[in-house]
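Here's a quick tour for anyone opening this structure for the first time. Have a look at it below, then read on.

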Amino acid sequence: TVTVITYNHAAFIGPCLESALAQRCDFPFEVVVGDDASTDGTQDVVRALAARDPRVRPVLQSRNAGVRQNWQAVLDASRGEYLAHLDGDDLMRPGRLQKQVAYLDVHPDLAMCFHNMRVFESGSGRDLGVFTAPGTPPVRTLEEMVRHGTVYCHSSKMYRRSALPSTGLDAGTHLVMDWLTHLEQARHGGIG
């Protein structure tokens with residue numbers, strides 16, 4: 001499952017979802033999109049793509065629920081063994097899903113894996129560099145993640161369903177959800 005979280009991303013959500021749908025894989029996948037009651041037409045774009053491609057499964061909030069509840073609704077609707085996160089204003093490079101699934105398949109000791117991401121200015125397309133700077137210490141364990149912080153972009157993560165917290169996302173957390181979730185998942189295995 002590709003899990004997409006979005007709010008007021010009307011200018012970005014179409015290309016975001018198209019980049020996910022363009023993935024070539026030797027397995028079926030779904031794209032579950034959670035929109036948190038956007039006011040800019042994001043839901044219209046999501047509905048139009050869902051009408052065109054049955055792999056898109058919208059989870060559309062009727063009122064703003066907040067990032068945790070929106071994300072939890074997407075996780076609850078997801079059916080895949082592996083979940084690949086993608087924020088509504090990010091893009092997937094070709095081959096991402098196939099490579100990450102293959103990597104996790106041959107590394108059963110890992111709870112999740114990441115890749116580096118290019119950062120670019122949306123208006124001009126100007127390349128701003130990479131998310132994880134060269135020379136950044138590799139983070140492969142929970143202890144290293146606590147020590148070095150978030151060194152991977154959340155939208156590059158794929159993880160096993162079994163690494164999700166059994167009680168759901170922490171209800172007391174409203175910000176910095178990605179890092180807390182990385183930590184929680186790293187308790188279930190290594191990081192690749």
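Start with A50, which sits in helix α2, a stretch that runs over residues 42–52. Keep in mind that this is a predicted model.

**Around A50**
- Setting aside neighbours within four places in sequence, A50 is in contact with V56 and P58.
- Between A50 and V31 there are 9.4 Å in space, C-alpha to C-alpha, and the two are 19 residues apart in sequence.

**The nonpolar cores**
- V31 also turns up in the largest nonpolar core, a set of 24 residues, where V2, V4, L17, V31, V33 and M158 have the most contacts inside the core.
- Elements that each supply at least two residues of this core include β1 (2–6), α1 (13–21), β2 (31–35) and α2.
- The largest share of this core is five residues, and α1 provides it.
- Another core lies apart from this one; it has 18 residues, among them W71, A77, F114 and I191.
- Not counting residues up to four places away in sequence, V4 touches a list of residues including I13, C16, L17, V31, V33 and L86.

**Helix α4**
- Which residues of α4 are buried? They are R96, L97, Q100, V101 and L104.
- These residues all lie on the same side of α4, because they cover an arc of only 115° around the axis.
- That buried set packs against β1, β4, β5 and β8 (158–160).
- On the face of α4 turned away from the buried side, you'll find the exposed residues K99 and V106.

Conventions: Residues numbered from 1 in each chain as written. Predicted model: local features only at pLDDT ≥ 70, side-chain atom pairs only at ≥ 80, totals over all residues. Heavy atoms only, no water. Helix = DSSP H or I, 4+ residues; strand = E, 2+ residues; numbered from the N terminus. Contact = heavy atoms within 4.5 Å. Core = buried A, V, L, I, M, F, W, Y, C linked by side-chain atoms within 4.5 Å. Buried < 20%, exposed > 50% of the residue type's maximum accessible area, 1.4 Å probe, protein only. Arc of directions from axis to C-beta.
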